[in-house]
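Here's a quick briefing to read with the model open beside you.

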Amino acid sequence: MMKRIRFKSRSVMTTWLISYISVLLVPIIISVIIYIATLRIVENEVNRSNELLLTQIEQAIDSKLKSLEQLTLEIAYNKKVTSFINVSAPLTDNDHFQLFNIAEDVRVFKMANDFISQLYVYYRNSNTVLSSYNRMNSETLYSVLRQTKDTKYEEWSDYFAQKYIQGYTPVLNWTEKGVEKSVMYARTILGDFPDSSGAVIMFVMKDSKLLETIPPQANASVLIMDKQNRVVATNVGEQDIPSDLQYDMLTGAKGLLYEKGADGRKLALSYTTSDVTGWKYVSLIPADIYSEKMDFVKKVTLWSVFLCFLFGGIVTYLFLRKNYLPIRTLIESLSKKAGVSFDIGSNEYVFFQAAMNNTFAEKEEVYQRLKQHHNAIRSHFLRRLLKGQIDGGVPLHESLAAHDIVLQSNQFAVLLFHVENYGKFDDSSEQPRFDHKAQTLYFVITNVIEELAGADSPAYTVEMDDVLACIINVNVGQQDSRKELQRIADSAKAFIKEHIHAELTVSISGVQQELVGIAQAYQEAMEAMEYRIVMGSGEIISYDEMKDSDAERSRRTYDYPMHVEQQFIYFIKTGNVDKAQELLEQIFEKNVSGISMSVRMAQCLMFDLVSTMLKTIDEVNASSRKEFFDQADSIDRLMSCKTIKEMKIHINDVLLQVCEYINEEKKNHHKHFVEQIQAYVKEHFNEESLNISMIGGAFDLTPSYVSRLFKEYTGEALLDFINKTRLEEAKKLLIEQKYTVNEVAGKVGYSDVNTFLRIFKKFEGITPGKFTKTPPM
């Protein structure tokens, strides 16, 4: 005897209804899908049948039209037909005889295709239309052949006046039997001269001839439409064609759409497109032919839905009976052990939710308490690993698991990141605290490193003093660990630079074995970071590269001999800033290129260069030295440099500053000296022995130095200045006309009158005699 189930709450009834609906939903959906699919299959079958019919019609008509176009080419190459193109009216007897011969060939061409009802050749130059049975003009052709009854003669003439015609046009053809619907294919042929009017070949075909190949099909009608929305041919009356049917509505090469016919019935239009003419071949079938087949499908679907409701209820009841008993047992157990009471009539699901929420809340509380201290505990553990202070009281694998540290291999390396500037964080208007900026940037770097290292090489970061230390568990399968570490450092530095504009200095340790090697790797990274003073800030420094150059560093201190220092001081004192900067570049290139100098030696070189600058400044004159020392903090900035590259920049600034002072003083000194030379020349210009050597001797300087200094300052040669000074005095004497030219030459210091004449003409452009006759105003 079946045991009756007693449901305790409304939730079970809700479950029953949901289950019942769920069981029914699938078969109902399947039935609807089958119904829609069947409708689609019937529709596709009918459409496929129509497409096959249209394809047959299209192939038959396209075959005829291709042969017609081929025939057009044969006529175009017929010499008799083309020879009459350039003949103009009026016609001669010979022209009439020629037309008679052409008509015979036209009749032959017409007989070549039985679907051609008439063939015309219209010679535009002579307004002659020749057919297979008579000759006429364009007006007569208009009376028997035009597009519609209402087409005017001017419109008809404009069509044939086109330079080049090639295409199909529906026309009406007036014959003895009455008006026949036809299709005209017209094509222009040109003569031997491109500028000639040419002729037009016209083939007229009855539309009944085009559609005579249509196989009989019940309830199906066919029409052909061109791109101008004209009905080329059809086997139904115009009243049966949908009035709003347009060529553009029939998109694609083939398809199916539904439209209302002229009588209001819904029509199914299947269509295909001709590749030859672009015509649309359309089959019109009443849409209600689908109804008969779909009625049967509809009945089957309704019966399926009814059976689903019937059997679904039975299955749902059996399902609930089988599965509710375990739920009731579970409720009784939870109400006793979980401390959550269950009232009869309440919702079982609410009870389960309350019991689980209670358990999850307790678990979350415990988890949060652990999580609050997890990061600090883990950071402390990582710092001890880096410093080599591993606690032997707890098994190492347990400590790693407790801090969520998963290792993939026994190889380790350490990367240190020193922040040179904070980029966008420094630009913040809120002016965040330093520790906040560092914490934020360290967080970004940590995420970037973990992403770059990937799952195969886990990375763990921790703050160590003023750097961020990253322990990387190197992948054993990595071909070249050094290249992989370099890649991670390059990518991280470039990412931070691009997105945050922060500048980092990165040091990379060598790869060490086992956990105890982490401390060694950390020391190596610290040594590499110290080398920042040589490499400069913002660089990536590898300990392995430093190690490779240990032998070279042990063999040398730094190269800065005394004669180089003296040369450096000389260039500064003489104000030759270019030479001083070039020598400074050589000093740095020789000592700092590559990794060839130890940190301690780099510091010594820095102090030595600062000493040189101080000695040089001390040797310049008092006024310049006072002005230099009055500058804000030139020496302080030199002494506070932390890297060789930074010192190089500041030394260059000081060089420019000192040389500028020295050159300014030299310029003032040269000005005074040049003024003395000019005064000396004006005082002794009348002496024949006055020359550059005499001036050099007067000032205890070499003639070449005096000449060069005068030229550099005034831009004028000293000898030219002597000659101009003498000539100025000579012109005054010549204007007075008290002395002869020879006497004037002697009075201004020229012992040879020819020399005087040559120099006077060189500078004044005329001889002294002419100058005397025509003195300047």
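**The largest pocket**

Eighteen is the count to keep in mind here: 18 residues line the largest pocket, and N375, S379, T446, E450 and T461 lie nearest its centre. A pocket here, on a 1 Å grid over the protein atoms alone, is an open set of points where a 1.4 Å probe fits, with protein on both sides within 12 Å along at least five of seven lines, and lining residues have an atom within 4 Å of a point. Keep in mind that this is a predicted model, where local features need pLDDT of at least 70, side-chain atom pairs count only at pLDDT 80 or more, and totals for chains, interfaces and linings use all residues. Residues are numbered from 1 along each chain as its sequence is written, and side-chain values use heavy atoms, with hydrogens and water left out.

- The space in the largest pocket comes to about 510 Å³, taking volume as the space filled by probe spheres set on the points, with grid points joined across faces, edges and corners.
- α8 (348-387), α10 (434-453) and β14 (459-464) each give the lining at least two residues; helices (H or I, at least four residues) and strands (E, at least two) are DSSP runs numbered from the N terminus.
- By type, the lining splits into seven nonpolar, seven polar and four charged residues. Ala, Val, Leu, Ile, Met, Phe, Trp, Tyr, Cys and Pro count as nonpolar, Asp, Glu, Lys and Arg as charged, and the others, Gly among them, as polar.

**The seven-stranded sheet**

- Seven antiparallel strands make an open sheet, ordered β3-β2-β1-β7-β6-β5-β4; two strands pair if DSSP finds at least two bridges between them.
- β3 (135-136) and β4 (145-146) stand at the edges with a single partner strand each, so one side of each has no neighbour in the sheet.
- β2 (residues 128-131) and β3 run antiparallel, joined by two bridges, and L130 stands opposite R135 in β3.
- Helix α3 (residues 93-111) lies across β1 (118-123), β2 and β3, at about 145° to β1. Axes are lines fitted to C-alpha atoms, for helices over the stretch in contact, and angles run from 0 to 180 degrees between N-to-C directions.
- Helix α5 (residues 153-160) lies across β1, β4, β5 (166-175), β6 (178-189) and β7 (199-206), at about 35° to β6.

**The five-stranded sheet**

- This open, antiparallel sheet has the order β9-β8-β12-β11-β10.
- Its edge strands, β9 (231-234) and β10 (254-260), each pair on one side only.
- β10 pairs with β11 (residues 266-273) over seven bridges, and K260 stands opposite K266.

- A89 and P90 are joined by a cis peptide bond, with omega about -5°; P90 is in the loop between α2 (79-83) and α3.
- N127, in the loop between β1 and β2, has a positive phi, near 50°.

**Confidence**

- Mean pLDDT (the predictor's confidence in each residue, from 0 to 100) is 75 for the chain, and 74% of its residues reach 70 or more.
- Residues 1-8 stay under 50, with 17 contacts beyond four places in sequence, contact meaning heavy atoms within 4.5 Å.
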